[in-house]
Amino acid sequence: MAAVDLTTHPGHLARRLQQAHYLLWNTMVSEEITSPQFAVLNALVAEPGLDQRTAGERVGLDRSTIAEVVTRLGRRGLLDKVRDPQDGRRFLLRPTDEGLRVHRKLTVRTARMNQVFLAPLSGDEQALFFDLIRRVADAAEGLRNPAEPATAQG
């Protein structure tokens, strides 16, 4: 049997893209705060007071990953957990002042990193790239949650 052309395999290309992103993130954005941690912090800047489950849903992290991310952000003093007055079993998450400062700093760095990351594409190609990758990512969410019907976009 002949070898397959991995350049036609989306998973292979997605992994290569992720490796490139990881390298750029560590060199241009932060060696301490990971991209998923930044995503959670960003979600909490946008919507302070989210519970852990909802924050994870906002950024596409599963329950165990969001729990680890919240723990790490809390240890770094970047977010506070307060008991929900409506439901004592639940904690609400808010960025601390330090979390807001780190978010501002990393937001500038991520903008620069994204320019480098997307430099091979024209403006129109970047828009198309985002449209296509969002559609694939949204469809993949449907595969992860088969009980929720996926909507086809055309």
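What share of the contacts in the chain with a separation of 6 or more comes from residues 24 or more positions apart? The share is 52%, where contact means heavy atoms within 4.5 Å. The model is predicted: local features need pLDDT of at least 70, side-chain atom pairs count only at pLDDT 80 or more, and totals for chains, interfaces and linings use all residues. Residues are numbered from 1 along each chain as its sequence is written, and side-chain values use heavy atoms, with hydrogens and water left out.

The chain holds six helices and three strands. Both kinds of element are DSSP runs numbered from the N terminus, with helices (H or I) of at least four residues and strands (E) of at least two. From the N terminus on, their order is α-α-β-α-α-β-β-α-α. The C-alpha trace spans about 60 × 40 × 35 Å along its principal axes. Of the 154 residues, 25% count as buried. Buried means under 20% relative accessible area, exposed means over 50%, and partly exposed lies in between (1.4 Å probe, protein chains only).

The three strands form an open antiparallel sheet in the order S1-S3-S2. Strand S1 (50-51) and strand S2 (79-83) stand at the edges with a single partner strand each, so one side of each has no neighbour in the sheet. Pairing here requires at least two DSSP bridges between two strands. Strand S3 (residues 91-95) pairs with S2 over five bridges in the antiparallel sense. Lys-81 stands opposite Leu-93 in S3. Val-82 has Leu-92 in S3 as its bridge partner. S1 and S3 also run antiparallel, joined by two bridges. On that side, Asp-51 has Leu-92 in S3 as its bridge partner.

The largest nonpolar core has 22 residues, of which Val-40 and Leu-44 touch the most other members. Such a core is a set of buried Ala, Val, Leu, Ile, Met, Phe, Trp, Tyr and Cys residues joined through side-chain atoms within 4.5 Å. At least two residues of this core come from each of helix H1 (10-29), helix H2 (35-46), helix H4 (63-75) and helix H5 (97-118). H2 gives the most, with five residues. Neighbours within four places in sequence aside, Val-40 is in contact with Val-59, Leu-61, Ile-66, Val-69 and Leu-73.

The largest pocket has a volume of about 1,700 Å³. Of its 42 lining residues, Gln-18, His-21, Ser-35, Ile-133 and Ala-137 are the closest to its centre. A pocket is an open set of points on a 1 Å grid over the protein atoms alone, where a 1.4 Å probe fits, with protein on both sides within 12 Å along at least five of seven lines; lining residues have an atom within 4 Å of a point. Grid points are joined across faces, edges and corners, and the volume is the space filled by probe spheres set on them. H1, H2, helix H3 (52-59), H5 and helix H6 (123-144) each give two or more residues to the lining. H6 supplies the largest share, 11 residues. By class, the lining has 23 nonpolar, 11 polar and eight charged residues. Nonpolar covers Ala, Val, Leu, Ile, Met, Phe, Trp, Tyr, Cys and Pro; charged covers Asp, Glu, Lys and Arg; the others, Gly among them, count as polar.

Phe-129 is found in helix H6. Phe-129 is partly exposed, with a relative accessible area of 26%. Beyond its neighbours within four places in sequence, Phe-129 is in contact with Leu-17, Leu-118 and Leu-121. Phe-129 and Leu-118 lie 11 residues apart in sequence and 9.5 Å apart in space, C-alpha to C-alpha.
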